[in-house]
Amino acid sequence: MIKMAFAGNPNVGKSALINEIAGSSLKVGNWPGVTVEKKEAQFEYKGQTIKLVDLPGVYSLSPYTLEEKITRDYIIDESPDVVINVVDSTNLDRNLYLTMLLKELGKPMIMALNFIDEFEKLNYKLELKHFEEHIGMKAVPTSALKNRGLNELLEKALLVAEEHKGQVHSKYELRFDKFLESEMKKVEEFIKNNDEFITVMKKYSMDFTTIKLLEGDNYFLGKLKGYGINKIDLVGESIARIEDKFDENVETIFAESRYGAVKGILLHTLKTSMKSRLDFTDKVDKILLNKVLGLPIFLILMAGLMGTVFNGAAPLQDWLDGFINGFIGKYARILVEGTPNWLNSFVLDGLVAGVGGVLVFVPLMLFLYFFLAILEESGYMSRVAFLMDKLMRTMGLNGKAFVPMVLGFGCTVPAIYATRTLEDENSRRLTALMTPFMSCGARLPVYGLFTAAFFGKSAGLIVMSLYFLGIFVAILVGLTFKEHKYFKTDDRALLIELPPYRIPSMKMITRSAFTRTGSYLKKATTVIMGVLIILWALTYFPNHGDTENSYMAKFGKVLAPIMKPTGFGDRWEAVAAVIPSIAAKEVVVGFMAQVLTLKEESSEGEIEEVTTFREDVTEQVISLGFALKDSFLGVVDVRAISGLFETPDAETVEEEGVGVVGAVANLWAGDKEGPLKAYSFMVFILLVVPCVVTLAAIKQEFGNKFMWFITGFLILVPYIASILVYQIGRLFI
């Protein structure tokens, strides 16, 4: 197997190149022991198995972040057959600094001059042969969007790998100040003549070892201790001489030397024109990053995005719901006909309903990831962090932390995964602690049911108050925990690249959306299926479907006295509804329809229409066609933003169960505190654990201990909040 590692700055198109070369989507996982994404693809080429590894995007190889550690350690420890250094050809002066650092590692390397199509549009000129001579490696102009240079890049990479086969290290020319080079030679001679370094030099290149010793790289020095090397007096003397001559620390001196080399190379090989895409970027940023207009524009864009996602996904969700419960459910009932009642219920209520509960959200996730990919690939999401930096600093975070919170209004699961973009673990923990309080779309059916039953025309206002309450609680949590050692972050300035605006490739964003959705579905299915089967068992036993006397009902009655201070604790049905809500918020409506007494219309005398399998399939295909049409109309509807905070009306909610609105209204019929108790219940649903899939995501990202901590926290906070809402509200009734 030939391993090729793709290394480069963020936003240089590494993933797109790999996808185009391999002809398949990247497999996404995690690097061992950490939460940073690992992306790789494997394929066969001319009888050889080739593995492409997408290393995290970094600006340097100093081990200050997890991404930098992973990139540096992978290249050194795993020794890929060739490193493909991907650079943005339109921004070489910034990208080539990392190239200089990669050369110091002494691994076989080739360069991909990416975005060459944009480079040419700008009328830039690069003397490629002279550039290759100066940079010390082969360079291939590429464009994933235009499918240019990919075969040539692969062929040359294989050639470089073959040429350096069996070599421990490759030697590249490094350009530094003469005095600096003389001190490096002294350290190199010491290393060559010291037996302690024999084993070290089998792993690390001479250039890298020398420079890291002179820079005093603590991470590297820690590695040397494993070889029994603790202190080298000669190096300390060289460091003192260098710093005395240049009146600056050694790390800065080396950095300036690398930048100087980059400028020298480009001065002789690159010619730019006055035309620049940065002109367009600057003009757009004057509007989108405006101190007055920037934030309102962002809020309108995000509200429009969420509205579009919900409006576009809703018809497909409805179709999937009908397909699973109607079509699949019908034939599942035929298969289990005549079987014991428990098996019948297990298949229909446990398995079929469980799969449906997962699949019904796939369109929502697909739309969400699709439109987020557009924002990310266009370069706008980087601006969001910049816009929100000032506000987030009051909570000890920087602007990057706001992006996961925005995603939380759509779904908490991708919001938790989005914390990967933050620099340090403490920032990620604090953001993950705050994000679940953003009211996700799954809570809307619950709001719709209870506002229709108790608040009538005031439903929209009530729902808006819940959204704002969630934001307020999140801010309060951030201010409370920002000084705790487990969450306290370094006061880092926001260092973020604002890439030029680009028109995203439809192929790229579609592939990204499907890959992410597939990953979500794989994770969600295993977790939520197990929980829903457990819930089925709790509502079915011990009296074989008698919900009123099920384990769930008994559990609700036991908890009712504890929940009494919240107001809604006087009804065990409301208390018991909280339990399945932790599996998925949408099940609350169905659960209420099961446990409350409903006024059903008589169906006596009605004859069920008998249809054939072929007729059923035809009906589903036709329904899918209508759903796709409605989905398209929902996406292009300019009024999409208006649907974001709308609650379903009473008639719509009734469809979830015959008379469920009236049944819920009867929970506290004639009680003047009824609306207050209903509001207290909705506050609890707003703030409690969003769903088990969220907990699974938290476990995967932060481990078991943090998952249990946040689970307890997301039970305690809603309990306290509901008590405060109810007890304070009573003073005004």
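**Rings, helices and loops in a predicted model**

User: To start, over the ring of which residue does the charged end of Lys245 sit?

Analyst: Lys245 holds its charged end over the ring of Phe246, 5.9 Å from the ring centre. A charge counts as sitting over a ring if NZ of Lys or CZ of Arg is within 6 Å of the ring centre and within 35 degrees of the ring normal.

User: Before we go on, what should I know about the model and the numbering?

Analyst: This is a predicted model, in which local features need pLDDT of at least 70 and side-chain atom pairs count only at pLDDT 80 or more, while totals for chains, interfaces and linings use all residues. Residues are numbered from 1 along each chain as its sequence is written, and side-chain values use heavy atoms, with hydrogens and water left out.

User: OK, and how many helices and strands are there in the chain?

Analyst: The chain has 31 helices and 9 strands, where helices (H or I, at least four residues) and strands (E, at least two) are DSSP runs numbered from the N terminus. Of its 733 residues, 52% count as buried; buried means under 20% relative accessible area, exposed means over 50%, and partly exposed lies in between, using a 1.4 Å probe and protein chains only.

User: Back to rings, then: how many aromatic pairs does the structure hold?

Analyst: The structure holds 30 aromatic pairs. One of them joins Phe323 and Phe327, a stacked pair with 5.2 Å from centre to centre and 20 degrees between the planes. Rings of Phe, Tyr and Trp (its six-membered ring) pair if their centres lie within 6.5 Å, and planes under 30 degrees apart count as stacked, over 60 as edge-to-face and the rest as tilted.

User: Where do Phe323 and Phe327 lie?

Analyst: Both belong to helix α13 (residues 294-336), and because they are 4 residues apart there, about one helical turn separates them. Phe323 is partly exposed at a relative accessible area of 23%, whereas Phe327, at 12%, counts as buried.

User: And how are the rings of Phe706 and Phe709 arranged?

Analyst: Their centres are 6.0 Å apart and their planes stand at 40 degrees, so this pair is tilted. The two residues are 3 residues apart in helix α31 (residues 704-730), about one turn of the helix. Phe706 is buried, with a relative accessible area of 1%, while Phe709 is partly exposed at 34%.

User: Which residues form one aromatic cluster with Phe706 and Phe709?

Analyst: Phe437, Phe481, Tyr486, Phe487, Phe702 and Phe713 form one aromatic cluster with them. Tyr486 also has Arg429 lying over its face, at 4.0 Å from the ring centre.

User: Switching to helices, at what angle do the axes of α8 and α11 cross?

Analyst: The axes of α8 (residues 206-215) and α11 (residues 250-269) cross at roughly 135 degrees and come within 8 Å. Axes here are lines fitted to C-alpha atoms, for helices over the stretch in contact, with angles running from 0 to 180 degrees between N-to-C directions. The two helices are therefore oblique to each other, since angles under 35 degrees count as roughly parallel, over 145 as roughly antiparallel, 65 to 115 as roughly perpendicular and the rest as oblique.

User: Which residues of α8 and α11 meet?

Analyst: From α8, Ile211, Leu214 and Glu215 meet Val250, Glu251, Phe254 and Arg258 of α11.

User: What about loops: where is Asp247?

Analyst: Asp247 lies in the loop between α10 (233-246) and α11, and its phi is near 55 degrees, a positive value in a residue other than glycine. Asp247 counts as exposed, at 68% relative accessibility.

User: And is Phe115 buried or exposed?

Analyst: Phe115 is buried, with a relative accessible area of 15%. It is found in the loop between β6 (109-114) and α4 (116-121), and phi of Phe115 is near 60 degrees, again a positive value in a residue other than glycine.

User: Last one: which residues is Cys411 in contact with?

Analyst: Leaving aside its neighbours within four places in sequence, Cys411 is in contact with Met365, Leu368 and Cys440, where contact means heavy atoms within 4.5 Å. The C-alpha atoms of Cys411 and Met365 are separated by 8.1 Å, although these residues are 46 residues apart along the chain. Cys411 is found in the loop between α17 (402-408) and α18 (412-417) and counts as buried, at 14% relative accessibility.
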